[in-house]
Amino acid sequence: MAKFDDKWARIFKKIQLILDKNQKLEEHNESLLQKIHTLEKQIEEQNKEKESLKEQIQYIKAAKEVHLSEKERAMTKQQLKEFMDEIDECLAKLIQ
């Protein structure tokens with residue numbers, strides 16, 4: 001009878017280990033799901049920012065068609081460069 005009790009004790013211990021491992025995996029899974037949700041929000045925000053920057057570029061391009069002074073043209077060109085850099089950064093973050 002002692003052998004039978006020992007086997008039951010080992011089986012019970014193994015079941016308890018499996019349940020503990022399962023609990024840890026569920027907690028880890030929940031953590032990963034929260035991280036995915038956060039990253040999805042970041043992607044959505046960056047996509048909105050990207051669209052906004054694209055619109056600003058279109059406005060600047062339209063303004064370029066209008067006759068501008070050399071100083072205004074240089075400022076616009078610099079602004080375009082900054083917008084392109086921001087877009088590149090957004091795209092790099094999206095890829096990560």
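Glu49 has its place in helix H1, where helices (H or I, at least four residues) and strands (E, at least two) are DSSP runs numbered from the N terminus. With a relative accessible area of 37%, Glu49 is partly exposed; buried stands for under 20% relative accessible area, exposed for over 50%, and partly exposed for what lies in between, with a 1.4 Å probe and protein chains only. The model is predicted, so that local features need pLDDT of at least 70 and side-chain atom pairs count only at pLDDT 80 or more, while totals for chains, interfaces and linings use all residues. Residues are numbered from 1 along each chain as its sequence is written, and side-chain values use heavy atoms, with hydrogens and water left out.

## Overall form

The protein chain has two helices and zero strands. Helix H1 covers residues 2-65, and helix H2 covers residues 70-95. Taken along the principal axes, the C-alpha atoms of the protein chain fill a box of roughly 100 × 15 × 10 Å. The radius of gyration of the protein chain is 29 Å, whereas a compact globule of 96 residues would have one near 12 Å; this radius is taken over C-alpha atoms, and the globule rule is 2.2 Å times the number of residues to the power 0.38.

Of the 96 residues of the protein chain, 10% count as buried. The accessible surface of the protein chain comes to about 8800 Å², and 58% of this surface belongs to carbon and sulfur atoms; accessible areas come from the Shrake-Rupley method with a 1.4 Å probe, and for residues only the protein chains shown count as cover.

Lys93 and Thr76 are 17 residues apart in sequence, and from C-alpha to C-alpha they are 26 Å apart in space.

## Salt bridges

Side chains of opposite charge can pair when their charged atoms come close. A salt bridge is a side-chain nitrogen of Lys or Arg within 4 Å of a carboxyl oxygen of Asp or Glu, and by this rule the count comes to three salt bridges.

| Salt bridge | Closest N to O distance |
|---|---|
| Glu44 and Lys48 | 3.6 Å |
| Glu51 and Lys54 | 3.9 Å |

Glu44 is partly exposed, with a relative accessible area of 46%, while Lys48 is exposed, with a relative accessible area of 57%.

Glu51 and Lys54 also lie in helix H1, three residues apart, about one turn of the helix. Glu51 is partly exposed at 42% relative accessibility, and Lys54 is partly exposed at 39%. In helix H2, Lys81 and Asp85 are four residues apart, again about one turn of the helix; Lys81 counts as partly exposed at 48% relative accessibility, and Asp85 is partly exposed with a relative accessible area of 33%.

## Charges and surface patches

The protein chain carries 19 positive and 20 negative charges, whose mean positions are 8 Å apart. Lys and Arg count as positive and Asp and Glu as negative, with His and the chain ends not counted, and the place of a charge is taken as NZ of Lys, CZ of Arg, CG of Asp or CD of Glu.

Patches are made of residues with over 30% relative accessible area and no salt bridge, like charges being joined within 9 Å and nonpolar side chains (Val, Leu, Ile, Met, Phe, Trp, Tyr) within 5 Å. Glu49 belongs to a negative patch on the surface, together with Glu82, Glu86, Asp88 and Glu89. Helix H2 gives the largest share of this negative patch, four residues, whereas Glu49 lies in helix H1.

A positive surface patch is formed by Lys3, Lys7, Arg10 and Lys14. Lys3, one of these residues, lies in helix H1 and is exposed, with a relative accessible area of 69%.

A nonpolar surface patch consists of Phe4, Trp8, Ile11, Ile15 and Leu19, which together have about 520 Å² of accessible area. Trp8, one of its residues, lies in helix H1.
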